[in-house]
Amino acid sequence: LFASLAGCAGDDDGDASSPIGEWWSAEAMLIDMNEDGTLITGEGTSGTWSTDGDSLTWSLDNGDDEEVTFSYAVEGDWLWLKCPGCGDGDDDDNCISLAPEAINESEWDAREDEQTPPAMCE
């Protein structure tokens, strides 16, 4: 997913809906978004991020010069991204959930099911 992403300086205001921090999918750290608008993926690729309302834009320093914009929401402690074009064919608007901590693979589904997805994911 993150290999195709490519940024802007972060302009987040640091409130409860902030995407700042490490975001995990089970035991894999996928993205670490810093307060200064920089990011690093779990694979070590750096880049930048910014928000504008409920849109989150990432740009990775991987030579693609591609920006990807997501709809996003922080619900509870979880980050939800609606990823246009990231689907598997018929479903090209997947909603991705990321946790603020590593969660054991065997517990991931149960913990994810306990979350209430935002309206954009319905």
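Trainee: Of the 122 residues of the chain, what percentage count as buried?

Mentor: This is a predicted model, so local features need pLDDT of at least 70 and side-chain atom pairs count only at pLDDT 80 or more, while totals for chains, interfaces and linings use all residues. Residues are numbered from 1 along each chain as its sequence is written, and side-chain values use heavy atoms, with hydrogens and water left out. Buried means under 20% relative accessible area, exposed over 50%, and partly exposed in between (1.4 Å probe, protein chains only). Of the chain's 122 residues, the buried share is 35%.

Trainee: And which pattern does the chain follow along the sequence?

Mentor: Helices (H or I, at least four residues) and strands (E, at least two) are DSSP runs, numbered from the N terminus. The chain has 1 helix and 8 strands. Read along the sequence, that gives β-β-β-β-β-β-β-β-α.

Trainee: Trp-78 and Trp-108 form an aromatic pair; what is the angle between the planes?

Mentor: Rings of Phe, Tyr and Trp (its six-membered ring) pair if their centres lie within 6.5 Å; planes under 30 degrees apart count as stacked, over 60 as edge-to-face and the rest as tilted. By this rule there are 2 aromatic pairs. One of them, Trp-78 with Trp-108, is 5.2 Å centre to centre and tilted, with the planes at 35°.

Trainee: How many residues apart in sequence are the parts that the pair Trp-78 and Trp-108 ties together?

Mentor: Both Trp-78 and Trp-108 are buried. Trp-78 sits in strand β7 (residues 78–84) and Trp-108 in helix α1 (residues 105–113), so the parts tied together are apart in sequence by 30 residues.

Trainee: Which side chain meets Glu-101 in a salt bridge?

Mentor: A salt bridge puts a side-chain nitrogen of Lys or Arg within 4 Å of a carboxyl oxygen of Asp or Glu. The structure holds 1 salt bridge. Glu-101 is partly exposed at 39% relative accessible area, and its partner, at 2.9 Å N to O, is Arg-111.

Trainee: Where do Glu-101 and Arg-111 lie?

Mentor: Arg-111 is partly exposed too, at 26% relative accessibility. The pair ties together parts 10 residues apart in sequence, because Glu-101 lies in the loop between β8 (93–98) and α1, and Arg-111 in helix α1.

Trainee: Last one: is Glu-105 buried or exposed?

Mentor: Glu-105 lies in helix α1. Its relative accessibility is 52%, so Glu-105 counts as exposed.
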